[in-house]
Amino acid sequence: EDSSLPKPVRIKLDDTDPEKIKLGDGKDTKGTRVRVFGRVHRERKQKGIMFLTLRDGYGYMQVVLAGQLAKTYDALTLTRETSMEILGELAEVPAGAHAPHNRELHADFYKIHPGWKAAGGDDAITNRVSKDTEHATLLDLRHLTLRGETASKVLIVRDAVEYAFNVVYKELRLRKVSPPALVQTMVEGGATLFGLPYYTEEAFLTQSSQLYLETCLPSMGDVFCIEKSFRAEKSLTRRHLAEYTHIEAELDYINFDDLLNHLELVMCRVLEVALANPTVKQYIMDLNPEFEMPERPFKRMKYSEAIEWLVENNILNEDGEPHKFGDDIAEAAERRMTDIINRPIFLTHFPAEIKAFYMLKDKDDARVTESVDCLMPGVGEIVGGSMRIDQHEELMAAFKREEIDPASYYWYTDQRKYGSSPHGGYGLGLERFLAWLCKQHTVRDCCLYPRYFGRCKP
Ligand code: 4AD
């Protein structure tokens, strides 16, 4: 290192930090000598010059190693993913050339500290992960594929979206709680419960925190949680996980219309908050160039109208027959309908028999419930919600109808004994919301380490 050069400023590559925005817009950077740390994302040699793209999780920076710097042993044997410390002067890229934020670092010194070199040869990351690598192998290598641009952008958008939900719920004065994951009751049917030995008893991994959220209303007002839910789904679909992040809210003293309006507001406001961050906005547009803010109000469609629509459009049920009232609308049919309509849909008023025991019946049509699924193009259902039965007798009758022993639900049924209220809520699958927002084919690519039928590693 040449000590006569100006003292370098240590920077990261982030362009969201105020100090670093200057670097991002490329205006005040020219001539600044800086020290950066990052991993080699790409490398390219050209007439004795090496161009590196350095990555640090906050951004990418082009680095130019010229002259002697490109001829050292370390430079000649440089492998992707090697960690480097680099000193140099920031410059605008020459006219006609392209680099992130139109700037590049003209290195005058670099160091690869002991242990920072990435494996080369057969073990090089480019040999372990390539375009031809089988899907299952790529999933085994998730710890490495996470370093790729698409995976990291999705996860950075995920961070921003999850944060935005917290912000928006706070704007709406909801309080955050943290219900247990280990439970002894089911919410969404016995078929998808994961059971486990719990000391001398049996317990399950929770399917939804809804029932616990309901118990918070009397003392905490409207509440939400962002917790894991677990479903022992045996089907391998692109939108089912065994473990997923469930964003759930419960609102007190509301009616069904209030619930729908709230849901629409939350979803749109979350998008606004997330997109207000320029990096996040850029990543969303990179992943999903056609993204547009959904139009409000969302289309509202009753289940019975959806059945008619499916019949008119010749979309058959799972038995290959025209849909009829009472059918569960299967994933494929639901997605086709959503894709054709091509805008968010609130599908409401599902028949009681195909929905959960706790859902409130519609006063004007006892066949159906005040329930809603929010459907998004490309994914289908991303939210499920409803008004809840708030009368004790009616709730007990629902347990009986569904052949559920109410004994272990005493803490839930007690809510109807000690000052009940009209209330409702919903659960949104974060991975499904992201699959829609980031236009990902499967929810598996929208979580860090996906868990689904047949996969519990890495
Ligand atoms: O429709 P679901 O089953 O509703 C409930 O669990 C309610 N108790 C929530 C509530 O009212 N508080 O699930 C809600 C959402 C679905 O719309 C979907 O987005 C997501 O959770 N979800 C899954 N996501 C990934 N993998 C799975 N196996 C999922 N099951 C549900």
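Me: Which residue with positive phi follows helix 7?
Reply: This is a predicted model. Helix 7 spans residues 210-220. The residue after helix 7 has a phi near 75 degrees, and that residue is Gly 221.

Me: Which residues of helix 7 are buried, and what covers them?
Reply: Gln 210, Leu 211, Leu 213, Glu 214, Cys 216 and Leu 217 are buried in helix 7. Their cover includes strand 11 (223-230) and strand 12 (243-252). It also includes helix 13 (410-413) and strand 19 (423-429).

Me: How many residues of helix 14 are buried?
Reply: Helix 14 covers residues 430-437 and is mostly covered. The buried residues include Glu 431 and Arg 432 as well as Phe 433 and Trp 436.

Me: What is the phi of Lys 439, which follows helix 14?
Reply: Lys 439 comes after helix 14. Its phi is positive, near 50 degrees.

Me: How are helix 10 and helix 11 oriented to each other?
Reply: Helix 10 is residues 303-312 and helix 11 is residues 331-341. Their axes come within 11 Å and cross at roughly 85 degrees. Angles of 65 to 115 degrees count as roughly perpendicular. Helix 10 and helix 11 are therefore roughly perpendicular.

Me: Which residues of helix 11 meet helix 10?
Reply: Helix 10 contributes Ala 306, Trp 309 and Leu 310. Their partners in helix 11 are Ala 333, Met 337, Ile 340 and Ile 341.

Me: Glu 334 and Arg 239 form a salt bridge; how many residues apart are they?
Reply: The N to O distance in this salt bridge is 2.8 Å. Glu 334 lies in helix 11, and Arg 239 in the loop between strand 11 and strand 12. The pair links distant parts of the chain, and the separation is 95 residues.

Me: Is Glu 334 buried or exposed?
Reply: Buried means under 20% relative accessible area. Glu 334 has 5% relative accessibility, so Glu 334 counts as buried.

Me: What parts of the chain does the salt bridge between Arg 33 and Glu 1 tie together?
Reply: The closest N and O atoms of Arg 33 and Glu 1 are 3.8 Å apart. The two residues are 32 residues apart in sequence. The parts tied together are strand 2, with Arg 33, and the segment before strand 1 (9-11), with Glu 1.

Me: Where does Gly 48 lie, and which residues does it touch?
Reply: Gly 48 is in the loop between strand 2 (33-46) and strand 3 (49-55). Gly 48 is partly exposed, with a relative accessible area of 47%. Leaving out residues up to four places away in sequence, Gly 48 touches Leu 65, Gly 67 and Ala 70.

Me: What is the accessible area of the nonpolar patch with Leu 182?
Reply: Leu 182 lies in strand 8 (residues 182-183). Leu 182 is partly exposed, at 42% relative accessible area. With Tyr 198 and Tyr 199, Leu 182 forms a nonpolar surface patch, and together they have about 370 Å².

Definitions and conventions:
Residues numbered from 1 in each chain as written. Predicted model: local features only at pLDDT ≥ 70, side-chain atom pairs only at ≥ 80, totals over all residues. Heavy atoms only, no water. Patch = residues over 30% accessible without salt bridge, like charges linked within 9 Å, V, L, I, M, F, W, Y side chains within 5 Å. Areas by Shrake-Rupley, 256 points an atom, 1.4 Å probe, with all protein chains shown as cover. Salt bridge = Lys/Arg side-chain N within 4 Å of Asp/Glu carboxyl O. Helix = DSSP H or I, 4+ residues; strand = E, 2+ residues; numbered from the N terminus. Buried < 20%, exposed > 50% of the residue type's maximum accessible area, 1.4 Å probe, protein only. Contact = heavy atoms within 4.5 Å. Axes fitted to C-alpha atoms, helices over the stretch in contact; angles between N-to-C directions. Parallel < 35°, antiparallel > 145°, perpendicular 65-115°, else oblique.
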